[in-house]
Amino acid sequence: MRAIFLGPPGAGKGTQAQRISEAYQLMHISTGDLLRGTIKDNSELGRKARVYMERGELVPDELVTALVRERLRAARRHRGFILDGYPRNQAQALALDEILAEEEIPLDLVVHFETPVEVVRDRLMGRRVCSSCGTNFHLKALPPSPNGRCSRCGGELMIRPDDQDQTVEQRIRVYEDFARPLVKFYRKKDLLHKVSGAQTAGDQYAELKRLFERKAK
Ligand SMILES: [Zn+2]
């Protein structure tokens, strides 16, 4: 199965991409993880990418596409893949079409996590991460210790730089501008399936499993 998960930040697509790729032994290609990985490596690519990410802006297409191309080549040896966070705009979608044609690995489906803006805002604003062990929390959905510290190691919690109020608003706007043409693009190709991003993670997972079972036949 070769799929794209499309949706705003906070829609749950990353979590679902991880669970579904484990369930079906697919390669989970997350551009967020790829970029964070290159930043940790402190490679030239990583240093360039970091500047954009901290401002809440999108990393330039060529940079991201280079990373994705590399991963997709490796994905040929797998049963398939889920692309999470890519493509983000039409230029990337066209670049992806080219890569997939070159590698002869056509897409099976595109899942659109349709999510109201208020839900996205609520989820992103509540996210906290432990500054010592890196565990993720959410003030409502996955609360930390009552004393406001990490329930695993007691470490101090912080807001990720890209979850700051202003950055969140910027990310929502950037997403909306680019998402609409993409949804249209894949609807025309008859690949698009909608899943509600507002429902719980459990319900999303159940719906996705039904979809994947149906598609696998
Ligand atoms: Zn901790």
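A: In this predicted model, the site of the zinc ion is tetrahedral, with angles of 104 to 115 degrees among its four donor atoms. For four tetrahedral donors the ideal angle at a metal is 109.5 degrees. The donor atoms are the SG atoms of Cys130, Cys133, Cys150 and Cys153, which coordinate the zinc ion at 2.3 to 2.4 Å. Along the chain, these donors of the zinc ion follow the spacing C-x2-C-x16-C-x2-C. Because Cys130 lies in strand β5 (residues 127–130) while Cys150 lies in the loop between β6 (136–138) and β7 (157–158), this pair ties together parts that are 20 residues apart in sequence. Both Cys130 and Cys150 are buried.

The strand that carries Cys130 belongs to an open sheet of three strands, ordered β6-β5-β7 and paired in the antiparallel sense. Its edge strands, β6 and β7, each pair on one side only. Between β5 and β7, which run antiparallel, there are two bridges. Cys130, a ligand of the zinc ion, stands opposite Leu157 in β7. Helix α6 (residues 117–125) packs on this sheet, where it touches β5 and β6, and its direction makes about 25 degrees with that of β5.

A second sheet is found elsewhere in the chain. This open sheet has five strands in the order β2-β3-β1-β4-β8, and its pairing is parallel. The edges are formed by β2 (27–30) and β8 (192–196), each of which pairs on one side only. From one strand to the next, the twist averages 20 degrees.

β2 and β3 run parallel and are joined by four bridges, with His28 opposite Ile82 in β3. β3 in turn pairs with β1, also in the parallel sense and over four bridges, and here Arg2 stands opposite Phe81 in β3.

Helix α2 (residues 31–41) lies across β2 and β3 (81–84), and its direction runs at about 70 degrees to β2.

The structure holds four aromatic pairs. Phe5 and Phe113 form one that is tilted, at 5.4 Å centre to centre and with 55 degrees between the planes. This pair links distant parts of the chain, with Phe5 in strand β1 and Phe113 in strand β4, 108 residues apart. Both Phe5 and Phe113 are buried. Ring pairs connect Phe5, Tyr24, Phe113 and Phe212 into a cluster.

The peptide bond from Tyr86 to Pro87 is cis, with omega near -5 degrees; Pro87 is placed in the loop between β3 and α5 (90–103). In the loop between α5 and β4 lies Glu104, which has a positive phi of about 55 degrees although it is not a glycine. Glu104 counts as exposed because its relative accessibility is 63%, the cut-off for that class being over 50%.

Asp190 is not a glycine, yet it has a positive phi of about 65 degrees. At 68% relative accessibility, Asp190 counts as exposed, whereas Lys189, at 39%, counts as partly exposed. The C-alpha atom of Lys189 is separated by 9.9 Å from that of Val110, although the two residues are 79 residues apart along the chain.

To return to the metal, the four cysteine SG atoms place the zinc ion in a tetrahedral site, and the three-stranded antiparallel sheet includes β5, the strand in which Cys130 lies.

Conventions: Residues are numbered from 1 along each chain as its sequence is written. This is a predicted model: local features need pLDDT of at least 70, side-chain atom pairs count only at pLDDT 80 or more; totals for chains, interfaces and linings use all residues. Side-chain values use heavy atoms; hydrogens and water are left out. Two strands pair if DSSP finds at least two bridges between them. Axes are lines fitted to C-alpha atoms, for helices over the stretch in contact, and angles run from 0 to 180 degrees between N-to-C directions. Contact means heavy atoms within 4.5 Å. Donors are N, O and S atoms within 2.8 Å of the metal (3.2 Å for Na, K and Ca); water is not among the atoms, so sites may look incomplete. Four donors count as tetrahedral if all angles lie between 85 and 135 degrees; four count as square planar and six as octahedral if opposite donors are over 155 degrees apart and all others between 65 and 115; anything else is irregular. Buried means under 20% relative accessible area, exposed over 50%, partly exposed in between (1.4 Å probe, protein chains only). Rings of Phe, Tyr and Trp (its six-membered ring) pair if their centres lie within 6.5 Å; planes under 30 degrees apart count as stacked, over 60 as edge-to-face and the rest as tilted.
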